[in-house]
Structure formats: C-alpha cells, structure tokens
Amino acid sequence: MEDGNRSFTVDEALVDMGFGKFQLYVLAYAGMGMVAEAMEMMLLSFVGPAVQSLWNLSSREESSITSVVFAGMLVGAYSWGIVADKHGRRKGFIITAVVTFVAGFLSAFAPNYTWLIVLRCFVGLGLGGGPVLVSWYLEFIPAPNRGTWMVIFSGFWTVGTILEASLAWLIMPSLGWRWLLALSSIPSSLLLMFYKWTPESPRYLILQGRKAEALSILEKIARTNGTQLPKGVLGSEMETEMEETKSHPTENTHLLKPGEVEEAPPPVSKIVLKPDSKGPLLVLLSPELIKRTLLLWVVFFGNAFAYYGVVLLTTELKTSQNSCYPTEKELTHSSNDVNYRDVFIASFAGTFSILISSVLSTSHGHSVIWFFGFGCRGLGSDI
C-alpha cells in the first residue's frame, strides 16, 4: 500500500513523535491540577480542629466538614466524566476548576457552620472531576511511556501535600484557618489563567469525527517536539482496522462471487459514536469489562480508605492526646494543638515511595506498582 493511502491513528502518531516538550507542558498544567486537589484535601486535617474550637462544634459536626467533601466527590466523579465525554475534556476540567476555585475561595468567608458545609460540599463536587484532567493528560502521552509518566505525574500529589503542610505551618498559628482556605485555592486559579493555551484531546476529537482539528493539534505537537507526523492520513482506530482487514484478507474474509457487488460498510462515525448507547455505567459492567471494573473499584476503595484515614488521623495523633479514651477537655482543641511538623514529615515521606515506584515501573510492570502503591499510600503517595 502506498504511504499516501496509509492510515494512522492518534496513538500511532504519538508513539512516532515520542515524548517531548509538548508533553512536558501538558504535564506541568495537569500537575498543577493535581497539586490543587491535594491541597484542598490536605487542608481538611487543619480546618476541622480550628473551626471546632472557634464555633464550639461537636465531634460529629467537625467530622461533617470532611464528610461533605467526599459526598460531593462521589457525585462529581460520575457527573464530570459524562460531561467530558459529551462536551470535551477541556470543557470538563475547566468547569471543575471553576467550581473548586470559587467554592474554595468563598469558604474562607463562610459566616457560619452551615455556609462552610455547603461551600465545602461544592469543593468536593469540583474535586470529583480530577480524573477528567488525568484522562486529558494521558491522552497526550505515548502508550509505551504512560506507566512511567503516570507515576511521575502522581508525584505532584505529594508536592501538593507538602505545600499544604508547609502553608498551614506558616499560616495557621498567626493568621488562622480563613487565610489557609483562601491561599489554598491559588493553584486552582492558575488552571483558569492558563486554560486558553490548553489544547483539546486529539483522541476525543477523532472519536467525534473532527479529524481536521485533531490533525491540527497533532501537527502542533510535532512542531513543538521537533519531529514529524507519520506518513499517511489520520484515521480512527475503527477505520484503520477496517483498512487492514480489507488490505490483508484472512481465511474468514468473505470472498465475492463473480458478478457480486461489495456492500458499502456503514459510516464509521455511527460505529464510533454509539458504543456507549447503554450508558457508561452499564458498559463498565458488561461481561468484557466487569472483572477489570470490580478490580479497580476494590483497589481504589482500599487505597482511598487507608490513605485518607491516615491523613485525617494525623492531626489527632499528638503526644498530649495519645490516650485511647480522651477526656472531654482533650476533645476540645484548637489549631495551636496541631503538630504541624509531624504532618509535614508524613507528607514528605511520600517522596520516597514516588522515587521507588518510578524505578519499579520500568523494570517490574504496573502490577508491582499497584501493590507497592497500595502499601505506601499511607506515607503520602498517590500511585
């Protein structure tokens, strides 16, 4: 087949162009989103005790400040994925960034407990869209490098936790929790500032039949990386498979009889655009994906349960309150009681697990990384 008639997919183009400057720009932008999410989650360890002391809240009311964030994330995790699939990755993560920034910043001005609960719930709703930004990032990374660069990308979570612990250490004793909430929303605002320079995912565009836009972005990647696109015509995976089947008949290929006319295949766009006609959740629970779906659910549930349990418990593990049955006086504490040094050390410990995971990802595969990350998540990593 001539090169002019050859088709190549987005993934094939990314592999041929390799990892370069363009991917580093994407990594920096998506990493800022990861830092923003980590800081918004980490500050829960500091705001609860401070607000409890200020507003005389019960232990249940203090816990609700954290619980509503996770409740919002539960709703957002499903909702923003649908938005990103229908309207694009860029629109999906910019909406989540706006919600997170506005709600997070306004939380600093909450006049009472009720308003703080509502605003933090909206913060959780925005944070639930974090996987949209991760998907956008990975769709620019060449397939052979995704494992390694996903581990490196996860390191931005550790950076966010270290920044938040440092910020709380400096801000909370003197300025208080309102300043901490306001300053912690700055990374989300940076996503809004640099949004206009972010491209749409070429994979999303090609699935929507917008080949010209996808090709334009791939050409920009090639120019930035100093490489060239593969020879041929950009096509979807479905088109490429159909082309290969037609060019290389197999024993199952239907042979035309003398005088028989080959029927035209259905439009590719109809084939591509309707794989999720049953709904995204039902697709995940289909016989082909049910095992992978359940495995991921179990891994992520256990990972999040252990990690956030340790992180949110860190501020309670103080030398002055290490008894199993604290007294009434010990239950009422202020922000000055928090040992910021211990929280900082616990956050910084995640750096070591990221370094080890980076090495393991290139030599032992992703399964080992999952196992190692599950064990080290409590140290502050987000593998």
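A nonpolar core is a set of buried Ala, Val, Leu, Ile, Met, Phe, Trp, Tyr and Cys residues joined through side-chain atoms within 4.5 Å. Buried means under 20% relative accessible area, exposed over 50%, and partly exposed in between, with a 1.4 Å probe and protein chains only. The model here is predicted: local features need pLDDT of at least 70, side-chain atom pairs count only at pLDDT 80 or more, and totals for chains, interfaces and linings use all residues. Residues are numbered from 1 along each chain as its sequence is written, and side-chain values use heavy atoms, leaving out hydrogens and water.

**Nonpolar core**

- The largest nonpolar core has 73 residues. Met-41, Trp-136, Tyr-137, Trp-177, Leu-180, Leu-218 and Ile-221 touch the most other members.
- Helix α2 (residues 21–42) supplies the largest share of this core, 11 residues. Helices (H or I, at least four residues) are DSSP runs, numbered from the N terminus.
- In soluble globular proteins, nonpolar side chains tend to be buried together.

**Trp-177 and Ser-107**

- Contact means heavy atoms within 4.5 Å. Beyond its neighbours within four places in sequence, Trp-177 is in contact with Val-47, Ala-50, Val-51, Leu-54, Trp-55, Ser-107, Ala-110, Leu-116 and Met-172.
- Ser-107 belongs to helix α5 (residues 89–107). Its relative accessibility is 0%, so Ser-107 counts as buried.
- Not counting residues up to four places away in sequence, Ser-107 touches Leu-116, Leu-119, Arg-120, Val-123, Trp-177 and Leu-181.

**Aromatic pairs**

- There are 14 aromatic pairs in the structure. Rings of Phe, Tyr and Trp (its six-membered ring) pair if their centres lie within 6.5 Å; planes under 30 degrees apart count as stacked, over 60 as edge-to-face and the rest as tilted.
- Trp-136 and Phe-140 form an edge-to-face pair, because their ring centres are 5.4 Å apart and their planes stand at 75 degrees. Trp-136 is buried at 1% relative accessibility, and Phe-140 is buried at 0%.
- Phe-301 and Phe-305 are stacked, because their ring centres lie 5.8 Å apart with planes at 25 degrees. Both sit in helix α16 (residues 290–314), four residues apart, about one turn of the helix.
- Phe-301 is exposed at 59% relative accessibility. Phe-305 is exposed too, with a relative accessible area of 63%.

**Aromatic cluster and a charge over a ring**

- One aromatic cluster is formed by Phe-22, Tyr-29, Phe-93, Trp-136, Phe-140 and Tyr-195.
- Arg-90 lies over the face of Tyr-195, 4.2 Å from the ring centre. A charge sits over a ring if NZ of Lys or CZ of Arg is within 6 Å of the ring centre and within 35 degrees of the ring normal.

Conventions:
Helices (H or I, at least four residues) and strands (E, at least two) are DSSP runs, numbered from the N terminus.
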